[in-house]
Amino acid sequence: MERRSVIGGLGLGLAGAATLLSSSRARAEGKAFTVALIPGLTTDAFYITMHRGAAAAAKALGVNLVFQGAPSFNAVEQVPVLDAVIARKPDALLIAPTDKVQLIQPLQAAVSAGIPVITVDTYIGGGVYQTGSGNADFPLSYIASNNTLGGQMAARALAKAIGGKGKVYVSNVQPGVSTTDERQDGFIDEMKKSFPGITVLNTQFNDDDANKAASQSQSVLARNSDLAGIFGANLFSAMGAANGLQQGGAGGKVKVVAFDAPQTIIGNIKTGLIDIAIAQHPAEIGWFGVAAAYAHLTGQSIPPAIATGFTVIDKSNVDDASIQKFIYAS
Amino acid sequence: MSSALPTRSAPGNLRGRRIIAAVASARAWIFLLLLLVVFEIWSQIAYGSTFIFSSFNIRSVAVFAVAPVLLGLGQTLVIISGGIDLSVGFTMGLAAVIAAHVANDVGAFAGAPIGLLAGVVVALAATLIPGWINGLLIARLRIPPFIGTLGMYGVARGAAYLFAGGTTVPVDNSWLTYLGNGRILGIPVIVIVTVIFVALVHYLLSETQFGQYTYAIGGNRQATLRAGVNVRRVTIILYMLSALTAGIDGILYTGRFAAGAPQAGEPLLLDSIAAVVIGGASLFGGSGTIIGTIIGALIIAVIQYGLVFLNVEPFWQFIAVGLVIIVSVLVDQSQRRFGGGRQDE
């Protein structure tokens, strides 16, 4: 148990060291490329983990990596950061755009300045690049996990855990966020298609407030004594829902599936508060982002889309050595 | 606006005026009562089950209300004095993160109880710093509260994220999680802790000289100064108290969710201000009560919980809370107008 905090502390130190190392190690045979990574927000374990993967690839390839972003997930704060990064003329730009439409023009400016763009985790326009259609197909590649698929995997894992029958619902942040919308849609569609014994109740939106998510799960539980499972579409949705069950005396009885795998969720899996986590592979996204940029800069062709994977983490495998790399940490 | 109000000086309307004043002063209670009655009838008709006569529901609403109530306590004091504290949300997050770290680190070698104690002490001491700076900015440097605490909102936010390493800090301390999720005689511990602080702050505001000064500063700062009250000192203490209640909120959050989250209080700031306003405090200062704020927070909690319980489309929750705020302020305004109130225009 104490190991967790030690790992956390170590991770923090390592991230700093890795950044320093990667920027000081230039390739002897020529000019070192500089690649900028702009996350959706800087204060999120997912993007911090993506940075870790990107830093590993940068170190391996002798690339300078710049990591700069805004503290919250919105275009108004991200665009000034993007402009500042463009002004410093990196050789390539990796970005998780915070809006499908509002980031098109600012990213077009990067391309006009001669900086190739790759989007990671989120996309602009329709997310299908290099097709010659529309005004937002100019990024070279889109590297991300398929959130709809993630939602489907959550549905399968939850259905298995509750024996294919009972009531479930999605605890979600707010409507209109592409990634969480896709997780929800994937979850609900898969439940309807493959598990006729399961009833999906109304989605509850919590504004990313764990307290609200907890109140909602208590309320749904009070209304539906046969509630069997909850899918928390992000950290606070899952954390709050699980706490509501605990407060309501149904902890462990009603199964909770969480999307993403930060330390907090992993801790909750160990204590049994949360049953299953669908972990994305943000480090993989960062690694392939830098690798794709490097390939492009050295004259190789790169695929217009790279899909990264998922890992299902539960109590049976949470301590396995092979799982540790999927836990979000810097 | 007031030209269309012939009733103002009509003597025959004395009774009507009294009724309006009575309704206005008890409006939070009336709202809460109406809500409960409507939800109870609705629940009986639609589902054949009770809403209020269920200990499960009561407990759930109480647990939900804890976070906005604690933020609202300090916020009420500050608003009565004519100020506002926008920084409480992230002061709460800062306390949550510090409590988590200290409880983990101290608890690792000194055991869970000492870890909890250290976490509480260090987190609360830390929250006094932003509170004190807020007070200094506003009382000494005469910076408008809205701007001063907005600045501190950013500083506390950044500090909380820095301490947390940009993410949430998992907590491993059985005493802290008991504080957050345990029960004594069926009552959640966090509710008991909250009731104790409600009583303390209520006493401070209604029974002490300090409380009188707080109202006086909000009512007329200049006159209070001339009366020889140390307005600066009282103001600084008010903002420190506001930070302190936010800190307690953060510690309870950390215990409850077994995680110190920097953004824990971000969505709660507006709920806390709404609770204070629905509870009858004026944003111009000089009026308001702790009990009013508690009722305000309970109204928000009952709406949030009840509409989910009644299976209403989620977006109606926002509309319902928004309507209650508007109607509440309207009642307040009409009372001031008809009652020849002080601060109309």
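In the predicted model, helices α8 and α9 of chain A are roughly parallel to each other, because angles under 35 degrees count as such. Residues are numbered from 1 along each chain as its sequence is written, and chains are lettered from A in the order in which they are written. Since this is a predicted model, local features need pLDDT of at least 70 and side-chain atom pairs count only at pLDDT 80 or more, while totals for chains, interfaces and linings use all residues.

Helix α8(A) (residues 235-247) packs against α9(A) (residues 263-271) at about 30°, with the axes 10 Å apart; axes are lines fitted to C-alpha atoms over the stretch in contact, and angles run from 0 to 180 degrees between N-to-C directions. Helices (H or I, at least four residues) and strands (E, at least two) are DSSP runs, numbered from the N terminus. A:L235, A:A238, A:M239 and A:A242 of α8(A) meet A:T264, A:I265 and A:N268 of α9(A), contact being C-beta atoms, placed from the backbone, within 7 Å.

Chain A also holds an open sheet of six strands, ordered β2-β1-β3-β4-β5-β12 with parallel pairing; pairing requires at least two DSSP bridges. Strands β2 (64-67) and β12 (305-308) of chain A stand at the edges with a single partner strand each, so one side of each lacks a neighbour in the sheet. The twist averages 15° from one strand to the next. Four bridges join β1(A) (residues 34-38) to β3(A) (residues 92-95), and A:L37 has A:L94 as its bridge partner in β3(A).

The contact between the chains takes 39 residues from chain A and 29 residues from chain B. On the side of chain B that touches chain A, α3(B) gives the most, with six residues.

Note on methods. Contact = placed C-beta atoms within 7 Å. Parallel < 35°, antiparallel > 145°, perpendicular 65-115°, else oblique.
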